[in-house]
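Let's take a friendly walk through the open spaces of a protein. Have a look at the model below before reading on.

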Amino acid sequence: MSKQRRPLIAGNWKMNGLASSAAPELQELVKLAGNHSQPNCDILICPPATLLDKMVSLAKGSAVKLGGQDCHSNESGAHTGDISAEMLKDTGAEYCIVGHSERRADHGETSTVVQAKAEAALRAGLIAIVCVGETLAEREGDKTLDVISDQVRNSLPDGATAANTVIAYEPVWAIGTGKTPTPLDVAAVHAHIRKELGVLMDDSDAVRVLYGGSVKGSNAAELMAVENVDGALVGGASLKAADFWPIVETSI
Ligand code: PGA
């Protein structure tokens, strides 16, 4: 695939996985990736934080990178149950997802909070994957582009560059539902995001913008072929290496 930007195929395991079941899946993924000495895309798994250390060891020396699913904005302190970006980095993680719609909905995270978390990720030397996306009501109310503009402008970390920041467009109504926007709809939002980034960043042309929401082996090629789509953020279909690999294969 000839893409202007190096694609990133990222798996978000969410709150799934125990060492006993996750280790064989990661080992299988590492084995599949091992058949490609110079992959044309970055491969990432974001497991629960409890598994990061173990998964980093299992993936060592392979093309499979690891990341966190969220971080606190502070480096350390009295925040029971939270995990800092520095702690994620300490495990060997290289990326951190911030502002996933499940965090925005379940934990009331505003774009201001998301921005602080993204800045924490950068401070720790992680690559921030900043998620944005409209709800079904917003789409039906013809508010998609306004919502996306607002989220991109207010969630983008200070100091964002193409090297340290990735945007993931994930329509909330497409997450875990089996529904996806049409390629035309995806193209419209991704073009809009790139236009927004053009105002906010110097190297916006090089920023990777991922699509996420019900990506699977059967629809990945079509979605990855859309202009300005530079990879995928995959939930359910990333849990098993056998399901995730065909998605990676669209870009490797
Ligand atoms: P899904 O989740 O692939 O299961 O729809 C995507 C995500 O939430 O990142």
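## The largest pocket

The largest pocket has a volume of about 480 Å³, where a volume is the space filled by probe spheres set on grid points joined across faces, edges and corners. A pocket is found on a 1 Å grid over the protein atoms alone, as an open set of points where a 1.4 Å probe fits, with protein on both sides within 12 Å along at least five of seven lines; lining residues have an atom within 4 Å of a point.

Here 17 residues form the lining, and Lys14, Met15, Gln69, Asp70 and Arg103 lie nearest the centre. Helix H4 (residues 101–106) gives the largest share of this lining, three residues; helices are DSSP runs (H or I) of at least four residues, numbered from the N terminus.

## How the model was read

This is a predicted model: local features need pLDDT of at least 70 and side-chain atom pairs count only at pLDDT 80 or more, while totals for chains, interfaces and linings use all residues. Residues are numbered from 1 along each chain as its sequence is written, and side-chain values use heavy atoms, leaving out hydrogens and water.

What takes up the space of the second largest pocket? The ligand does; a molecule sits in a pocket if more than half of its atoms lie within 2 Å of the pocket's grid points.

## Around the ligand

There are 13 residues around the ligand, and Lys14, His100, Glu170, Gly176 and Ser214 come nearest; a residue is near if one of its heavy atoms lies within 4 Å.

Oxygen atoms of the ligand lie 2.6 Å from a polar backbone atom of Gly176, 2.8 Å from one of Gly235 and 2.8 Å from one of Gly236.

Note on methods: A polar contact is a pair of N or O atoms within 3.5 Å; within protein, one must be able to donate a hydrogen and the other to accept it, and residues adjacent in sequence count only if both atoms are side-chain atoms. Helices (H or I, at least four residues) and strands (E, at least two) are DSSP runs, numbered from the N terminus.
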